[in-house]
Amino acid sequence: MAKHLKTILRDIPVNPVSDVPRVLLHGISADSRQVQPGFAFVAIKGDNVDGNRFIPDAIENGARLIVSEHPKPHDLNIAWLQLEGDLRAALAHMAAALHGFPARKLRVIGVTGTDGKTTTSSMIHHLLTKAGIKAGMITTVNALIGDQTLDTGFHVTTPDSPDIQGYMRMMVEAGMTHCVLECTSHGMAQGRVIAADIDIAVITNITHEHLDYHGSLEAYVKAKGMLVEALALTPRKRIGNPRLAVLNKDDEHYSYTKRLAPGKLITYSRLNQADIWADEIDNKPEQLRFTGHIGKHSFKVQSPMIGLFNVSNVLAALGATVLGLGLDAKQAAKDIGSLPPVPGRMEVIQMGQNFTAIVDFAHTPNALERSLETIRLMSPGKLITVYGSAGLRDREKRRMMPKVSIKGADISILTAEDPRTESLDAILEDMAQAAIEAGGVEGRDFFRVPDRGDAIRKAIELAQPGDTIVAQGKGHEQSMCFIDTEYLWDDRTAMRAALAEHLGIEGPKMPYLPTSKQS
C-alpha cells in the first residue's frame with residue numbers, strides 16, 4: 001500500500017496552505033512512536049500535548065512527510081505540508097484515502113453510549129455472523145476480522161483514525177461486507193470516527209461519565225450525539241445509504257438525539273411501546289427471558305447475558321439487525337441464546353471456591369448500580385464489591401459511586417484504579433467520605449485497601465459459602481496507570497491468582513503494582 005500525496009489529497013476536504021510536495025507515502029500517524037519509514041506524521045496540537053514537539057522523533061523514525069498547521073522551518077530538510085483547519089479531521093480523511101476509502105465498501109454500524117456499547121456491538125456482530133453475513137468488528141476490546149483477533153490497546157477508547165481505516169481495509173480485503181464499530185465519546189470528540197462513513201447509528205444510553213474531559217454533561221451528550229449527526233455526512237455508497245438511527249426511548253436524552261436524526265429512526269424500549277419493545281421480563285441468575293414485540297409480531301428471547309440493562313442491549317441489537325438490516329426476527333431472537341461471553345463483562349471466575357467470584361467492567365455510577373442489582377439476584381449470601389475511581393478523571397463520579405455501592409452491596413472495598421499522577425490516598429479519602437455520607441461505617445460496610453491485588457484478597461478473605469464477590473471497573477483492561485507508567489494488570493488474572501492462594505492450589509502469579517508489598 002503506497003500512494004502519492006497528490007492522489008491522497010485529490011478527493012478529500014483539506015486545505016493546503018503550502019505547495020503540495022511530490023512524495024510517496026506508505027502510512028500515516030499522529031503518534032511519532034508509531035511512525036515507520038515512508039510515513040506521514042501529522043503534528044496535532046492536542047489538549048495536553050503539542051505534536052509539533054515530536055517532529056524530530058518522527059523524522060528519526062523515518063517520516064517522509066510532516067503535516068502541520070505551521071510553516072516549514074528553514075533548517076529542516078524534509079517534505080512538508082502546511083494545512084489550515086482541523087488536523088484531526090485531515091488525519092482521518094488522509095488515512096481513509098491512503099487505504100482506498102474502505103468504509104465506502106462496507107455497511108458500517110456505529111454503536112455508542114455510556115454503558116453497554118461493547119456488549120451491544122458484540123451482540124450485533126454475533127447476530128450478523130449467525131445470519132451468514134461476513135461482518136468484522138472494532139471495539140475497545142479488540143478488532144475481529146474473519147478468524148483474526150487483534151488487540152486495540154490497553155485502555156477503553158476508540159482506536160485512532162488511521163488504525164480504524166487500516167482495520168476496515170483488512171475487512172474489505174478479507175471479503176467482509178459489514179463492520180460494527182464501537183464509538184466512545186473521546187473518539188467522537190477527537191475526530192477518530194471521521195471518514196468511518198456510518199450507515200446505522202445505535203445509542204444505548206447517556207448517563208454521567210467523562211465530565212473531566214468534556215467539561216459538562218451538555219458537552220458529553222453532544223459528543224455522543226455526533227454519531228447520529230455523522231449519518232448525514234456519510235457519502236453516497238453503491239450499496240445504498242440507510243442513514244438509520246436506533247435510539248433508546250427510555251434514555252433521558254432521547255428527545256435530544258432524536259432531533260439529530262437525519263433520516264429514518266427506530267426506537268426501542270423495555271418500559272414503553274416503541275418500534276421494538278419488551279415485556280414479560282424474567283431476570284433470573286441463570287438466564288434472562290423476555291417477550292419482544294415488533295408491531296403485532298411477538299417473539300421469545302432467552303439471553304445468557306443477564307440483567308435488566310441487557311434487555312435494552314438486546315433490543316438495540318435486534319433493532320439494528322432486524323429492523324435495520326432485514327434479519328428474520330424469530331431467528332435473530334433465537335440466536336441471542338448462543339451469545340458468547342464478552343471479556344470482562346459479568347465474567348465468572350471459578351477455581352473451585354465455594355462462593356461466586358465475578359469480574360465486571362462497571363465503571364460509572366449507573367453501570368455499578370445496574371451491575372449490583374443483577375448480581376444481588378445471583379447471590380444467596382453477602383455481596384462484596386471491589387472497585388476504585390480513576391485519577392485525573394471525573395471527580396464527581398468518585399463520590400457518586402460509593403453512595404451506590406453502600407446501598408447496593410453488603411461490603412465495599414475501595415482500592416486503586418488508574419490513579420495516574422493523583423494521590424491514591426487522596427482519591428480513597430474522597431471515596432471514603434462519600435461512603436460515610438451514605439451511611440457506611442468503615443471497617444464494617446467498607447474498607448480501604450490501596451493495593452488492588454490485596455483488595456481482591458480481602459474480598460476473598462471475607463467471603464463465606466454462598467457469598468458473591470465482584471471486582472468492578474477494569475473488566476478486560478490489560479494495564480493500570482501509576483504516574484505515567486502502565487503496569488501490566490488484568491483483574492481476571494488477579495482474581496485467579498488470589499483464589500489460587502486462598503485455595504492452596506497452583507495458579508497465576510498476582511500481577512505487580514507499585515502498591516504491592518512484593519519487591
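A nonpolar core is here a set of buried Ala, Val, Leu, Ile, Met, Phe, Trp, Tyr and Cys residues joined through side-chain atoms within 4.5 Å, where buried means under 20% relative accessible area and exposed over 50% (1.4 Å probe, protein chains only). The model is predicted, so that local features need pLDDT of at least 70 and side-chain atom pairs count only at pLDDT 80 or more, while totals for chains, interfaces and linings use all residues. Residues are numbered from 1 along each chain as its sequence is written, and side-chain values use heavy atoms, with hydrogens and water left out.

**View 1. The largest nonpolar core, with 50 residues.** Those with the most contacts inside this core are Ile 413, Ile 456, Ile 460, Ile 469 and Met 495, and its largest share, six residues, comes from helix H14 (residues 424-437), helices (H or I, at least four residues) and strands (E, at least two) being DSSP runs numbered from the N terminus. A second, separate core of 38 residues includes Ala 135, Ile 276, Ala 278 and Ala 333.

**View 2. Contacts between H10 and H11.** Val 314, Leu 318 and Val 322 in H10 meet Ala 329, Ala 332, Ala 333 and Ile 336 in H11, contact meaning heavy atoms within 4.5 Å.
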